[in-house]
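This briefing goes through selected features of one protein structure, grouped by topic. Please keep the sequence and the 3D view open while reading.

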Amino acid sequence: NGCSGRDTILISEDSIPVFSLGSDTFVCGNQYNLALNIPYAQYHWQDNSTDSFYHVTASGVYAVTVTNLCGSAADEVRVDIHADECAVLIPTAFSPNGDGANDVFRGVCRCPVERYSMHVYNRWGEEVFGTEQVNEGWDGVFRSVQQPLSVYVFHLEYFNYCEQKMKKMVGNVTLVR
């Protein structure tokens, strides 16, 4: 009857989602965002949230499954949150008496420590202890002799991971017997 018709259809090729949350990460602050942008996909995070992003406020392992019409893929990442600026903490006293509490004078840090150096001096300026390892400490002994109750001076240097610079500290520590 002289009629005609015409129609079009758009066919697109898709595939299973391909993505990565990245490698395990260390965050100098108190929050971090994991974000994905995969068109036409649904997200399912470890806590059942479904946004394309995840607001991280605590250290832990975070996982997501991404699904589209072709299938699903999953990934996870460990995020370590450090809001304390990665400072090395130093006690003001220690008691090397063998009771298992405060027997060693050392720096403590939750963050990776690089280029660490700590030296302890007696009141005459004589070095009684030195180390390049943050997990090593002074047990109150110098030249195989237990040192007396006194105030000692320490010099500490280390690379602050969060600030990306060398830090120096000078202070006193009391050896208590």
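The model is predicted. Its largest pocket is lined by Ser 12, Asp 14, Ser 15, Ile 16, Pro 17, Val 18, Ile 38, Pro 39, Tyr 40, Asn 68, Leu 69 and Cys 70.

**Largest pocket**

- The space in the largest pocket comes to about 210 Å³.
- By residue class, the lining of this pocket holds 8 nonpolar, 3 polar and 1 charged.
- Asp 14 is among the lining residues, and Asp is counted as charged.
- Cys 70, also in the lining, has a relative accessible area of 39% and is therefore partly exposed.

**The five-stranded sheet**

- An open sheet is built from 5 strands, which follow the order S7-S13-S12-S8-S9 with mixed pairing.
- The edges are taken by strand S7 (93–94) and strand S9 (127–131); each has a single partner strand, so one side of each has no neighbour in the sheet.
- Within this order S13 is listed next to S12, and these two strands, residues 165–175 and residues 150–160 respectively, pair in the antiparallel sense over 11 bridges.
- Lys 168 in S13 has Glu 157 standing opposite.

**Strands S2 and S4**

- Strand S2 (residues 32–35) and S4 run antiparallel and are joined by 4 bridges.
- Opposite Phe 53 in S4 stands Ala 35.
- Side chains alternate along strand S4 (residues 53–56).

**Disulfide**

- The model contains 1 disulfide, and the cysteines joined are Cys 28 and Cys 162, with an S to S distance of 2.0 Å.
- Cys 28 belongs to strand S1 (residues 25–28) and Cys 162 to the loop between S12 and S13, so the bond ties together parts that are 134 residues apart in sequence.
- The angle about the S-S bond is -85°, and the link of Cys 28 and Cys 162 is left-handed.
- Both ends are partly exposed: Cys 28 has 38% relative accessibility, and Cys 162 has a relative accessible area of 21%.
- A disulfide of this kind is a covalent bond between the sulfur atoms of two cysteines.

**His 82**

- His 82 sits in strand S6 (residues 71–82).
- Its relative accessibility is 8%, so His 82 counts as buried, the cut-off being under 20%.
- Setting aside residues up to four places away in sequence, His 82 touches Phe 26, Val 27, Cys 28, Gly 29, Arg 110 and Cys 111.
- One of these contacts, Cys 28, is also an end of the disulfide to Cys 162.

**Gly 140**

- The loop between S9 and strand S10 (141–142) holds Gly 140.
- Gly 140 counts as buried because its relative accessibility is 0%.
- Beyond its neighbours within four places in sequence, Gly 140 contacts Phe 94, Pro 96, Val 145, Gln 146, Gln 147, Leu 175 and Arg 177.
- Among these contacts, Phe 94 falls in the edge strand S7 (93–94), and Leu 175 falls in strand S13 (residues 165–175).
- Gly 140 and Asp 103 are 37 residues apart along the chain, and their C-alpha atoms are separated by 8.3 Å.

Methods: Residues are numbered from 1 along each chain as its sequence is written. This is a predicted model: local features need pLDDT of at least 70, side-chain atom pairs count only at pLDDT 80 or more; totals for chains, interfaces and linings use all residues. Side-chain values use heavy atoms; hydrogens and water are left out. On a 1 Å grid over the protein atoms alone, a cavity is a set of points where a 1.4 Å probe fits but cannot get out, and a pocket is an open set with protein on both sides within 12 Å along at least five of seven lines; lining residues have an atom within 4 Å of a point. Grid points are joined across faces, edges and corners, and a volume is the space filled by probe spheres set on the points. Two strands pair if DSSP finds at least two bridges between them. Buried means under 20% relative accessible area, exposed over 50%, partly exposed in between (1.4 Å probe, protein chains only). Contact means heavy atoms within 4.5 Å. A disulfide is a pair of cysteine sulfur atoms within 2.5 Å.
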